[in-house]
Amino acid sequence: LPRHIGSGPLHRSTRADARSSPPYAAPSIAGGASTRPGFVKALTPLDATALVAGSMIGSAIFITPADIMRQVGSPGLLLLVWAITAVVIVLGALSYGELSAMFPKTGGLYIYLREGISPMFGFLYGWALFAVIQTGAIAAVGAAFSRFAAVLVPALTPDVFLGATVQLPSGPIEVGLSWQRVLAIASIVLLTWINVRGVRTAALLQTALTVIKVTLLAALIALGFSIGRNASVVAANFGAGFWPTTGLTWSLLPLLGAAMVGSIAASDLWYQIGFSAGEIKNPVRDIPRAMLFGTLIVTMLYLLANVAYLSILPASAIAHAPQDRVGTAALEAVFGAPGLYLMAGAIMISCFGCDNAIILSGARVYYAMARDGLFLRAAANLHPKYKTPSVALIAQGVWASILCLSGTYSQLLDYMVFASLLFYVLTVCALFALRIRRPAAVRPVRAIGYPVLPAIYLVSTTLICVNLLVRKPEYTWPGLAIIALGIPLYLWQR
């Protein structure tokens with residue numbers, strides 16, 4: 001950005017910070033994290049949309065409906081949770097489009113928060129991303145990949161053969177190695193290696209896998225509306241038992257908010273296309289479009305997938321699916337044992353594609369932070385041959401593999417979702433702050449419905465955060481503590 005655009009208090013404080021920082025941190029406010037030449041502009045509009053959809057569609061849509069059904073207890077509330085989530089996510093995409101066009105720089109939300117609020121908030125996001133949001137998502141999807149692989153290869157058991165029990169605020173967990181965890185780590189290592197070898201290779205793989213898994217999800221939906229439709233199940237799920245016996249009351253809102261952890265986890269990471277802005281051919285145009293179209297496509301598929309589940313399985317069978325594998329239970333009900341194996345293979349493909357997308361995206365944030373002197377110094381360099389942030393990719397892969405040793409799926413998602421929601425709130429605050437402090441800044445794309453729609457998004461995500469703090473303190477307070485640990489780290493780095 002031109003210097004005069006950032007002439008307010010934020011700009012002055014950043015210059016003051018730079019005097020005590022390493023020399024390479026000085027261009028921070030001007031977006032220096034991505035102005036350095038080196039990235040390959042290889043991503044097309046189709047690749048960008050595939051990255052959005054691919055980051056969203058993983059394993060959660062085939063697993064989390066079980067936990068949501070157990071919490072809400074009725075098919076109508078299950079669908080309501082997914083419908084509210086769809087509205088929240090699409091509103092977020094409409095709001096973030098303005099920021100992505102203003103700052104078409106590698107780093108995404110890290111850049112938006114750095115410029116809109118302060119460099120410290122940008123760092124806290126990057127820190128939370130590395131500590132739990134991105135790496136936790138990579139580990140959780142890797143764990144799901146191995147969980148469904150165990151359907152095809154029963155020898156891949158979850159039993160820990162080397163480890164110990166550790167007590168967390170959310171309960172005890174077995175930390176160590178099992179054959180499922182070994183496979184999860186192996187998949188992360190393989191995908192990290194693919195991404196080190198070039199963004200074009202990773203993008204081609206991602207686009208192909210996204211097409212496959214969107215097709216598979218659409219096929220599941222088609223089955224639920226055709227040969228898989230069970231008339232007696234439909235009558236029970238969409239009849240008198242559709243809503244809770246108490247009816248719809250305001251007292252259900254806290255319950256719905258807590259249940260949305262699963263649906264938001266399934267729909268999260270849509271904004272990560274902004275992380276790779278430096279490698280998109282036309283980021284100003286393509287990122288806002290990819291966010292909007294990607295979120296619309298996936299959230300509609302998710303809602304229809306839950307209708308399909310309710311057309312195939314009784315509500316009790318969804319709530320108590322073995323190991324929460326609702327997707328495999330649905331196809332097993334339609335095709336018998338072959339359906340179980342077919343769906344397990346399809347979900348493995350979905351998980352593999354999701355992990356590829358989030359491994360590709362996350363490393364770009366650590367690269368941007370390193371350029372500002374706020375991450376491993378070596379991560380500021382690109383691979384001399386492949387022009388990828390190889391050190392950042394490897395650091396991310398190592399920590400995600402360590403998190404795999406925890407063996408948790410739902411706990412990692414709970415920690416990840418709350419941290420993500422906090423930064424959802426802060427990013428929209430950055431949108432409002434930039435409108436006030438930089439009214440003359442160039443905005444190639446403006447948030448649709450500003451200020452009403454962004455305000456609705458801000459209020460809704462804030463209410464979900466507050467609700468989770470009250471109803472799931474064993475997950476939310478540790479998440480807050482992880483983020484707070486970033487404050488002394490930031491002060492030390494500066």
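Start by selecting Arg-181, Ala-184, Ile-185, Ile-188, Thr-192, Asn-195 and Val-196 in H8, which meet Ser-390, Leu-393, Ile-394, Gly-397, Ala-400, Ser-401 and Cys-404 in H16 (contact means heavy atoms within 4.5 Å; helices are DSSP runs of H or I, at least four residues, numbered from the N terminus). The residues of this contact divide into eight nonpolar, five polar and one charged (Ala, Val, Leu, Ile, Met, Phe, Trp, Tyr, Cys and Pro count as nonpolar, Asp, Glu, Lys and Arg as charged, and the others, Gly among them, as polar).

This is a predicted model, in which local features need pLDDT of at least 70 and side-chain atom pairs count only at pLDDT 80 or more, while totals for chains, interfaces and linings use all residues. Residues are numbered from 1 along each chain as its sequence is written, and side-chain values use heavy atoms, leaving out hydrogens and water.

Now show all of H8 (residues 179-196) and H16 (residues 390-404): they pack at about 170°, with axes 10 Å apart (axes are lines fitted to C-alpha atoms over the stretch in contact, and angles run from 0 to 180 degrees between N-to-C directions). H8 and H16 are therefore roughly antiparallel (over 145 degrees).

Next, select H15, residues 337-371. Of its 35 residues, 29 are buried, so H15 is largely enclosed by the rest of the structure (buried means under 20% relative accessible area, with a 1.4 Å probe and protein chains only). Just after H15, look for Gly-373, with a positive phi of about 75°.

Finish at Gln-272, in the loop between H11 (253-267) and H12 (283-312). Gln-272 is buried, at 0% relative accessible area. Beyond neighbours within four places in sequence, Gln-272 is in contact with Leu-129, Gln-134, Ile-358, Ser-361 and Gly-362.

Notes:
Helix = DSSP H or I, 4+ residues; strand = E, 2+ residues; numbered from the N terminus. Parallel < 35°, antiparallel > 145°, perpendicular 65-115°, else oblique. Expected span 1.5 Å × (residues − 1). Buried < 20%, exposed > 50% of the residue type's maximum accessible area, 1.4 Å probe, protein only.
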